[in-house]
Amino acid sequence: SSVVDAYDTDLTRSTPTALSAARYALAGASIGNYALFAGGYNGSYLNTVDAYDTDLTRTTPTALSTARADSAGVSIGNYALFAGGNTGPNSPSAVVYAYDDNLTRSTPTALSTARSFLAGASIGNYALFAGGYTGSPSAVVDAYDDNLTRSTPTALSAARYALTGASIGNYALFAGGYAGSFFAVVDAYDDNLTRSTPTALSTARRWLAGASV
């Protein structure tokens, strides 16, 4: 689908201009006055990026240099980051793209391990990309600070993919996932990138979604 639904702060829904290409398995992130939607799949892998400003006007900034789907998006500082994904069937990528608040694209240091079906979340001065699939489930976590310098904090407590991320207070959470069986585990990272393991989900599951309020 190419449909975009928008909800304002009164929870009123509108339907702005559709995406420039119908697709699924895309990634989203926001930066400055823009919400960005990148990559995806519609029978072929796409490198398209659509940007919506605060008036919901759509533009199409510089595309990803390599088409991909199943990546993750996170915002940190002055950048929206899109990391990993598949560039073909079972072809995970380590490439990270950064878009600044002028929608200028750059390519910071790649992920430490190429992977798809990973999850992203931000905390403090860091954007985190956790887990994923490398040909086998991964527990790797890569952290990017607001200068786009990469570090590799403590890995997830269990290797898995198809997990989700969300941020709350001083924590970035990574929940659920799959690695031959469904997971209920939740890993939490604080703003010093120290990992803890809070109470698990009530039901093990994959392909779930996360959001904070």
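**Exercise 1. Find which residues form one aromatic cluster with Y178, and describe the ring pairs of Y178.**

Step 1. The cluster is made up of F117, Y133, Y161, Y178, F182 and W207. Rings of Phe, Tyr and Trp (its six-membered ring) pair if their centres lie within 6.5 Å; planes under 30 degrees apart are stacked, over 60 edge-to-face, and the rest tilted.

Before going on, note that this is a predicted model, where local features need pLDDT of at least 70 and side-chain atom pairs pLDDT 80 or more, while totals for chains, interfaces and linings use all residues. Residues are numbered from 1 along each chain as its sequence is written, and side-chain values use heavy atoms, without hydrogens and water.

Step 2. Searching the whole structure gives eleven aromatic pairs. One of them, Y161 with Y178, is edge-to-face, at 5.9 Å centre to centre and 85° between the planes. Y161 sits in the loop between β14 (150–151) and β15 (164–168), and Y178 in the loop between β16 (171–175) and β17 (186–190), so this pair ties together parts 17 residues apart in sequence. Strands here are DSSP runs of E, at least two residues, numbered from the N terminus.

Step 3. Y178 also pairs edge-to-face with F182, at 5.2 Å and 65°. Y178 is buried at 19% relative accessibility, whereas F182 is partly exposed at 45%. (Buried is under 20% relative accessible area, exposed over 50%, partly exposed in between, with a 1.4 Å probe and protein chains only.)

**Exercise 2. Work out where D70 is found and whether D70 is buried or exposed.**

Step 1. Look between β6 (58–59) and β7 (72–76): D70 is in that loop.

Step 2. With a relative accessible area of 17%, D70 is buried.

Key:
Helices (H or I, at least four residues) and strands (E, at least two) are DSSP runs, numbered from the N terminus.
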